[in-house]
Amino acid sequence: MSEQILTEVFEVEAGDFVAAGAASAQIKRILKQLSVNSDLIRRAAIISYEAELNLVIHSLGGKLILRVMKDRVVISTEDVGPGIADISLALKEGWSTASDDIRSMGFGAGMGLPNIKRNADDFEIRSAAGSGTTIVTTIYL
Amino acid sequence: MTVEELALAVGGEILTAPENAGRTIGSAMTCDLLSWVMARGKADMAWVTVQTNINVVAVAALHDMACVVIPEGMRPDAPVTEKAAEEGVVLIRTDASAYSVCCTLHTGGVA
Ligand SMILES: Nc1ncnc2c1ncn2[C@@H]1O[C@H](COP(=O)(O)OP(=O)(O)OP(=O)(O)O)[C@@H](O)[C@H]1O
Ligand SMILES: [Mg+2]
């Protein structure tokens with residue numbers, strides 16, 4: 001493991017659409033302060049926003065975690081459920097279980113996880129129905 | 001084309017962050033699916049959307065967009081304009097259609 005520069009943990013509440021995006025904005029600010037290049041910041045912002053919104057929309061609450069190391073940025077989420085029954089389906093573009101209410105707000109295109117995967121150099125997801133979901137993404141600097 | 005010029009050309013009203021209305025628009029997009037816009041958004045973009053909820057501000061701010069244009073006579077609520085003002089995101093509202101706003105952007109030289 002390379003040298004850790006910082007770790008920030010953001011609590012994300014289920015259903016809190018007003019605060020949604022605040023943790024991602026904070027992550028963007030931190031990376032800017034660390035003079036990370038703007039293309040990598042853009043990728044990190046896409047990853048953190050989609051992960052944060054999935055916590056708000058689909059989870060029962062969880063954490064968004066930023067870790068910055070000398071050679072990489074790691075953005076991860078951990079939530080307390082309800083988990084994903086079929087991960088390969090969830091990763092498919094266009095697959096979404098979002099309700100009509102959520103869709104009317106502009107969510108539910110089924111693009112969030114594919115966006116996360118596309119913008120990460122490494123992407124890991126662990127989940128099972130009835131337990132929580134964990135996502136770990138890495139961007140190399 | 002600047003944000004201010006766009007607002008004028010579409011008969012629009014700048015609702016928030018007039019201090020940023022001098023920005024030059026680099027590109028444009030119209031779409032109401034947030035994760036679609038998250039995937040394709042860029043700095044200096046003008047984004048035309050009928051979504052008026054607070055998440056629009058988050059997406060525009062994360063991409064450092066030039067402005068968000070809300071067409072078709074839609075109006076964002078106060079908490080949304082407050083958030084946009086706080087984040088320095090320019091919101092423009094207009095009675096013009098999304099299509100017509102896009103035509104104006106094109107005529108204004110935005111590729
Ligand atoms: N943290 C999570 N907990 C439980 N289910 C999840 C979680 N994240 C994603 N999912 C499931 O995976 C599906 C696909 O997620 P994805 O982010 O790709 O699309 P979406 O959130 O439905 O729509 P979009 O992100 O385009 O607004 C979701 O509809 C949901 O069923
Ligand atoms: Mg999503």
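In which hand, left or right, does H1(A) pass H2(A)? Bearing in mind that this is a predicted model, select helix H1 (residues 22-33) and helix H2 (residues 38-58) of chain A, and you will find that H1(A) passes H2(A) in a right-handed crossing. The two helices pack at an angle of about 160°, with their axes 8 Å apart, and H1(A) and H2(A) are therefore roughly antiparallel to each other, the cut-off being over 145 degrees. To see the contact itself, show the side of H1(A) that includes A:Ala22, A:Ile27 and A:Leu31, together with residues of H2(A) including A:Ile41, A:Ala44 and A:Tyr49; by class, this contact has seven nonpolar, two polar and three charged residues.

The crossing of H2(A) and H5(A) is left-handed. Among the residues that meet here are A:Arg43, A:Ile47 and A:Asn54 in H2(A) and A:Leu113, A:Ile116 and A:Asn119 in H5(A), and the contact divides into five nonpolar, four polar and two charged residues.

Finally, select both chains and look at the interface, to which chain B gives 19 residues and chain A gives 22. The chains bury about 1600 Å² between them, 57% of it on carbon and sulfur atoms. Highlight B:Ser35, B:Asn55 and B:Leu62, which supply 34% of the area that chain B buries against chain A, more than any other three residues. Across this interface the rule finds zero salt bridges.

Notes
Residues are numbered from 1 along each chain as its sequence is written. Chains are lettered from A and ligands numbered from 1 in the order in which they are written. This is a predicted model: local features need pLDDT of at least 70, side-chain atom pairs count only at pLDDT 80 or more; totals for chains, interfaces and linings use all residues. Side-chain values use heavy atoms; hydrogens and water are left out. Axes are lines fitted to C-alpha atoms, for helices over the stretch in contact, and angles run from 0 to 180 degrees between N-to-C directions. Helices (H or I, at least four residues) and strands (E, at least two) are DSSP runs, numbered from the N terminus. Angles under 35 degrees count as roughly parallel, over 145 as roughly antiparallel, 65 to 115 as roughly perpendicular and the rest as oblique. A crossing is left-handed if the near helix is turned anticlockwise from the far one by less than a right angle, and right-handed if clockwise. Contact means heavy atoms within 4.5 Å. Ala, Val, Leu, Ile, Met, Phe, Trp, Tyr, Cys and Pro count as nonpolar, Asp, Glu, Lys and Arg as charged, and the others, Gly among them, as polar. Buried area is the accessible area (1.4 Å probe) that two parts lose on being put together, summed over both. A salt bridge is a side-chain nitrogen of Lys or Arg within 4 Å of a carboxyl oxygen of Asp or Glu.
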